[in-house]
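These are my notebook entries on a structure that I am looking at for the first time.

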Amino acid sequence: MKRILGLVLLLIGVLVFWPSGGIRNVFSAAEPLETLVIDAGHGGFDGGAVGAGGVNEQGINLRIAKHTEALAGFFGIPTVMTRSDENALGFIDGRPVRENKVSDIHERQRIAEETENPVFLSIHLNKFEQTQYHGAQVFYSRNNPRSKQLAEALQAALIEGSDPSNHRQAKQAANTIYLMKKLECPAVIAECGFLSNPAEAERLQQEEYQKQLAVCIIGGYLRYRGEI
């Protein structure tokens, strides 16, 4: 109950005052300061999933990521963005798509590995053939035990703050997902909803809901840090 109340208070406070300027430092000096590496999935030539009404994943991922970055700054959380615009990483015009995809994913890996004390958070959207499925789900790397702790905190916050009817649980990522297989730091993928569900696709395009998801993500991260 205490944790749920903490997230609710966070939601109320941020939705009332955000953006209001200023930075809060929520971490004690004795704790190792982590940098949240916020990875907006896809970009540029790789648009990601295409959902109901033709909406494209990459732009929504970026907007959620930017809202998350802004809110992290409000709480004094250091951040690095893997991409801050609509472009893919390491893209070379005229190069085969496969080579550009490999370059893009390697750039994301490089950014995470060159960041001091990183926590890697990749933001994506889901899609399924059947349109009734909805709700966020967080996947974690098996390479670091703290990945599971982070994923479970994020999963709980996303359910409490955006979709209480969602009964999904945090799940270990498949070993075929390159970044989840290679990164040694705490690393998760937050699938923030299903573009294949028309109602959820409509919400995911709304700035207010994107901010709500960012609040849940930062609330989950603060819970993982033991701050709420």
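Which residues lie nearest the centre of the largest pocket? Working on a predicted model, I looked this up and found His-42, Ile-105, His-124, Ile-177 and Leu-179 there, among the 21 residues that line the pocket. I noted a volume of about 420 Å³ for this largest pocket.

Next I asked which elements supply its lining. At least two residues each come from α3 (97-114), β3 (118-126), α5 (178-182) and β6 (187-194), and the largest share, 4 residues, belongs to α3. Sorting the lining of the largest pocket by class, I wrote down 10 nonpolar, 5 polar and 6 charged residues.

My last entry concerns the cysteines. How many disulfides does the structure hold? I found 0, and for Cys-192 I could see why: the closest cysteine sulfur, in Cys-216, is 9.1 Å from the sulfur of Cys-192, too far for a bond, since a disulfide needs the two sulfur atoms within 2.5 Å. I also checked whether these side chains are covered, and Cys-192 counts as buried because its relative accessibility is 1%, while Cys-185, at 11% relative accessibility, counts as buried too, the cut-off being under 20%.

Key: Residues numbered from 1 in each chain as written. Predicted model: local features only at pLDDT ≥ 70, side-chain atom pairs only at ≥ 80, totals over all residues. Heavy atoms only, no water. Buried < 20%, exposed > 50% of the residue type's maximum accessible area, 1.4 Å probe, protein only. 1 Å grid on protein atoms, 1.4 Å probe; cavity = no way out; pocket = protein on both sides within 12 Å on 5 of 7 lines; lining within 4 Å. Points joined across faces, edges and corners; volume = space filled by probe spheres on them. Nonpolar A, V, L, I, M, F, W, Y, C, P; charged D, E, K, R; others polar.
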